[in-house]
Every structure is written in C-alpha cells, then in structure tokens.
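Hi everyone, thanks for coming. I have one structure to walk you through today, so let me put it on the screen and we can look at it together.

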Amino acid sequence: MLNRIHPIWFLIAGILLFRLVSLSLYPLIDTTEARYGEMARIMWETQNWITPQFDYNVPFWGKPPLHTWASAAFGGILGISEFSLRLPHLLVGMITLFVMGVFAKRFSISPSLVTLVLVSTLGFFVASGMIMTDAFLLLGMTMAMAGFAVAWRDNSNSYAYLGFVGIGIGLLAKGPIILVLIGLAIAPWLVLNYGLITGIKTFYRKIPLFKGSLLTLAISLPWYLLAENKTPGFLNYFIIGEHFLRFVQSGWEGDLYGTAHSEPRGIIWIYWLVVAFPWSIYFAVLVVVKKYRTALSQHQFNFYLPSYLMCWLISPMLLFTMSGNILPIYVLPGIPALSLLIAIMIKHIRFSVVITSLLTPILMVVFMVVQLPNLANEKSDKALLANIESDFGLYYLGKRSFSGRFYTSGKAINIASIEELRTVESPFYLVVEQSEISSLVDSRDCETLSHNKRKRLLLCK
C-alpha cells in the first residue's frame with residue numbers, strides 16, 4: 001500500500017511532524033500568545049465557557065472564543081502546557097490542508113502539490129502552531145471559498161452549506177470580518193466575469209442564501225446573544241470598536257486589551273511577501289514567464305477559477321491597504337489561493353518545488369537554534385520564574401506580563417509602587433524591571449535569584 005502513496009506525502013508528513021515536535025520547544029511568547037494561553041487556562045479553571053476572561057472577572061471582548069474553547073479543552077484533557085494549548089491550532093491547520101486537498105481534486109489540480117505549497121508557507125507554518133485566532137479564521141475562510149466555488153460550478157447545495165459552515169466558524173473565530181473578506185473576494189469576481197446584475201442573479205440562483213444564512217446563524221448567533229446577556233456592552237465594543245475604529249484609527253485608543261499598532265498605509269502588501277514566503281517569490285517568478293501565465297488563463301473548467309483565486313488571494317490586502325492598525329498575519333486568509341494558483345501554473349511537482357518547500361522548515365530550525373533562546377529570554381518570563389521554590393507571594397512591580405501570569409497559574413500580583421511594597425509581609429518574590437533595581441537598594445533586603453535582559457527575580461526578606 002505504501003507503494004501507492006506519492007513520495008511527496010511523506011515530505012508533507014515530515015513537515016507536520018516537525019511542527020508537532022516544535023510545539024513544546026519554546027515558552028508562550030508575550031504578548032499575544034501568552035495572553036491567549038492565559039485566557040485558555042482561566043477558562044478551564046473557572047469553567048466559564050461563555051465569556052473569555054482577560055483576567056479573573058475581567059471579560060475579554062476583543063475576539064470570539066473558538067480558539068480559547070479549543071485550547072482550554074485540550075489543556076483540560078492533556079494538562080495545561082505549551083503543547084496542549086498549541087495542539088488544537090495545528091490540528092485545525094491540518095483540517096485546512098484536507099479541505100484544500102479535496103478542493104484541488106474537484107478541480108483536477110494536484111492535491112499533493114497544493115498541500116505541499118500551503119504547509120511550507122511561512123505564515124501557515126507559524127500560525128498552525130501558535131495560540132492565536134488565525135488558524136481558525138483560515139479554516140473558516142478556506143471552507144467558505146472552497147465550498148462556494150464547488151457549489152457554483154457543480155450546482156451542489158451540499159458544498160454551498162459547507163461554505164456557510166465556514167462562515168459560522170469564522171464568526172466564532174474572529175467575528176464579522178469573515179463576511180468582509182468573503183465579500184471582497186466574491187463581489188469583484190462576480191462583476192469581473194458576469195457583470196453586476198447578471199452576477200447577482202446568478203449568485204442567488206446557485207447559492208442557497210436564505211437556508212445557508214440560517215445555518216450560519218445557528219452555528220454562531222447563540223454565543224453572541226449569550227455573551228451580550230452575560231456581559232452587556234460586548235456587542236457595541238466588538239462590532240463598532242474592533243471592526244471599525246480599529247481599522248480606521250491608527251493607534252486606536254479605545255483598545256481595552258493591548259497596544260494598538262500604527263503602521264504605514266499599504267504595508268500589508270509587504271507583509272504578504274513575508275507571510276507567503278517562500279512561495280510569494282516563487283509565484284512572482286512564475287508570473288513573469290509567459291507559459292505559466294498561459295497555463296493559468298487556460299484553466300477554466302466552466303468556472304472562472306483563476307480570477308476567483310486571485311480575488312481570494314488579494315482580499316485581505318484590499319481590506320487592510322488603508323488601515324494602519326494591522327499585523328502581518330492578517331494576510332493569512334488569502335494564502336490557500338496562492339497554493340492553488342501555483343499548482344495550476346506548474347501542474348506537477350518538480351525539483352524546484354521540493355527545494356522551495358524545504359526553505360521554511362530549514363529557516364525555522366535555524367531560528368530555533370540561533371534566535372529562540374534569546375527570544376524566549378526577552379519575550380517570556382518562564383525561565384525567569386523557574387527559580388521559585390516556595391509558596392511565598394509573588395509580586396510584579398508595575399505591570400505583570402501575560403507569561404508571568406500563565407506560568408504562575410494566575411498567582412502573580414501587581415504592585416503599583418515601591419512605597420506600597422513596604423507594606424507587603426516578608427518573605428516574598430518580586431519581579432522588577434532592571435531600571436528599577438537602584439530604587440530598591442535601600443527599600444528591602446532583596447537578593448537576585450535570576451534575571452534576563454529586561455527583568456530580575458528577587459527574593460525579599
């Protein structure tokens with residue numbers, strides 16, 4: 001039976017195995033991953049499955065809870081750890097690969113080639129093993145775009161409903177942005193290939209919009225209603241703040257949970273080159289060569305697939321071009337379309353594809369060996385706190401890090417000032433910024449237990 005398996009599947013399995021092994025090799029990194037990891041830990045501890053909590057009794061309104069549900073559930077089953085909290089994100093990435101393989105086969109495209117390209121893309125590789133919302137949003141977007149494409153070409157309601165399930169997943173993963181991304185992909189494609197009026201009529205004829213919307217609402221709406229009922233104000237903050245103000249205001253000051261990002265307008269296209277590496281470069285080379293462009297234009301199959309994929313690919317960039325409050329990973333929902341476009345243009349796996357697919361794993365090995373120790377030391381407090389050996393109180397002078405909260409199971413306490421510190425009963429542990437050390441010399445009898453570039457762990461008596 002093994003003889004019937006294309007050798008490239010073993011390479012794909014090797015890349016996935018490497019990602020699986022890597023899940024436990026580094027600590028939760030501040031701020032995003034450690035924040036979501038701590039929220040999952042709190043969810044499992046408190047068994048509050050409706051409202052994710054930014055801290056105990058502090059609701060988190062910034063994102064829906066699908067990724068938190070998954071990490072909390074796996075953490076509860078396997079024990080809270082980096083591996084257990086990251087594992088569901090990798091599994092969701094593997095489901096996305098499966099959906100893409102099925103989609104490719106339906107359109108007579110090489111499933112192994114499509115899967116290899118996607119699994120070795122830098123953004124997919126990273127997002128499929130980190131505690132973030134993006135792997136789940138990617139799955140929802142992929143199911144929606146793949147399902148609607150097959151439904152359109154084959155007049156298949158079953159695949160259309162798969163698309164609406166994908167929208168429901170997207171709404172629970174990141175919110176209404178899934179609707180905007182799909183709209184920015186499908187609407188231009190309809191107008192380009194059918195014209196506005198004919199496109200709309202054809203869309204309503206081929207896609208069961210009413211029944212499909214009911215399916216989407218059945219999946220997602222109950223949580224939104226329960227969340228608003230449990231913590232009134234959620235819908236206003238999430239819909240208006242997170243889905244409008246965040247994108248039109250650089251450095252949005254209404255962000256309750258993090259630091260808003262202020263980036264130059266249009267930088268999302270540069271981010272795409274990085275997140276889609278190395279296939280962004282490979283694709284650019286293919287586009288320059290006429291025979292590959294011709295292969296793309298000839299692949300229609302009674303469905304304008306190349307233009308559909310191009311619209312899918314650029315929809316995140318269209319959405320975020322004029323936004324300054326963005327992150328590189330925001331381009332990820334369009335990356336599966338890139339793998340399909342490349343597979344259409346070259347048709348078969350060749351040596352250059354295999355070599356290119358190895359770049360991301362090799363790059364990640366080099367990164368883990370060379371940079372990860374420094375990154376873990378500077379962006380996580382796990383190593384800093386490893387020297388704690390007793391049940392003394394643990395305090396952070398100033399702001400607690402999310403990794404500090406996670407690795408102390410929420411026991412780390414903020415203390416606002418050195419004056420307040422004098423009232424704390426000894427002995428206790430204290431985490432302090434390196435710049436504050438001189439202020440503590442005459443304040444308490446403290447000895448350094450460990451330190452990193454930014455902080456020190458002290459035992460004060």
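This is a predicted model: local features need pLDDT of at least 70, side-chain atom pairs count only at pLDDT 80 or more; totals for chains, interfaces and linings use all residues.

Is L196 buried or exposed? L196 is exposed, at a relative accessible area of 52%. It belongs to a nonpolar patch on the surface, together with V191, I197, I200 and Y204. Taken together, those residues have about 510 Å² of accessible area. Which element gives the most to the patch? That is helix α10, residues 196–206, with four residues.

Now let me zoom out to the whole protein. There are 23 helices and seven strands. The C-alpha trace spans about 80 × 50 × 45 Å along the principal axes. For those of you who like a scaling check, a compact globule with 461 residues would have a radius of gyration near 23 Å, and the protein has 24 Å, which agrees. Of the 461 residues, 53% count as buried. The accessible surface comes to about 20,200 Å², and 65% of that belongs to carbon and sulfur atoms. And if you take contacts between residues at least 6 apart in sequence, 72% of them join residues at least 24 apart.

On to the charged pairs. How many salt bridges does a search of the whole structure find? The search gives 13. I'll pick out a few.

The pair R86 and E33 comes up with its closest N and O atoms 2.7 Å apart. R86 lies in helix α4, residues 82–106, and E33 lies in helix α2, so this pair ties together parts that are 53 residues apart in sequence. Are these two residues buried or exposed? R86 is buried, with a relative accessible area of 0%. E33 is buried as well, at 2%.

Next is D55 with R400, whose side chains meet in a salt bridge at 2.6 Å, N to O. This one links distant parts of the chain: D55 is in strand β1, residues 53–55, while R400 is in the loop between β3 (393–397) and α21 (402–407), and the two are 345 residues apart. D55 counts as buried at 15% relative accessible area, and R400 counts as buried at 17%. The cut-off for buried is under 20%, in case you were wondering about those two values.

The pair E447 and K461 has a salt bridge at 3.4 Å, N to O. E447 is in strand β6, residues 446–451, and K461 is in the segment after β7 (455–460), 14 residues apart. What about their exposure? E447 is partly exposed, with 36% relative accessibility, and K461 is exposed, with 52%.

One more item on charges: E38, R41 and E45 are linked in a network of salt bridges.

Where are the cis peptide bonds I'd like to show you? One runs from D30 to T31, with omega near 5 degrees. T31 is in the loop between α1 (7–22) and α2 (32–46). Another cis peptide bond joins F277 and P278, and there omega is about 0 degrees. P278 is in the loop between α13 (268–275) and α14 (279–288).

N155 has a phi of about 55 degrees. You'll find N155 in the loop between α7 (134–154) and α8 (157–173), and this residue is exposed, with a relative accessible area of 55%. For K347, phi is near 70 degrees. K347 is in the loop between α17 (335–346) and α18 (351–357). How exposed is K347? Its relative accessibility is 45%, which counts as partly exposed.

To recap the stops on our tour: a nonpolar patch on the surface that includes L196, salt bridges such as the one between R86 and E33, and backbone features including the cis bond between F277 and P278.

Note on methods
Residues are numbered from 1 along each chain as its sequence is written. Side-chain values use heavy atoms; hydrogens and water are left out. Buried means under 20% relative accessible area, exposed over 50%, partly exposed in between (1.4 Å probe, protein chains only). Patches are made of residues with over 30% relative accessible area and no salt bridge: like charges are joined within 9 Å, nonpolar side chains (Val, Leu, Ile, Met, Phe, Trp, Tyr) within 5 Å. Accessible areas come from the Shrake-Rupley method with a 1.4 Å probe; for residues, only the protein chains shown count as cover. A salt bridge is a side-chain nitrogen of Lys or Arg within 4 Å of a carboxyl oxygen of Asp or Glu. The radius of gyration is taken over C-alpha atoms; the globule rule is 2.2 Å times the number of residues to the power 0.38. Contact means heavy atoms within 4.5 Å.
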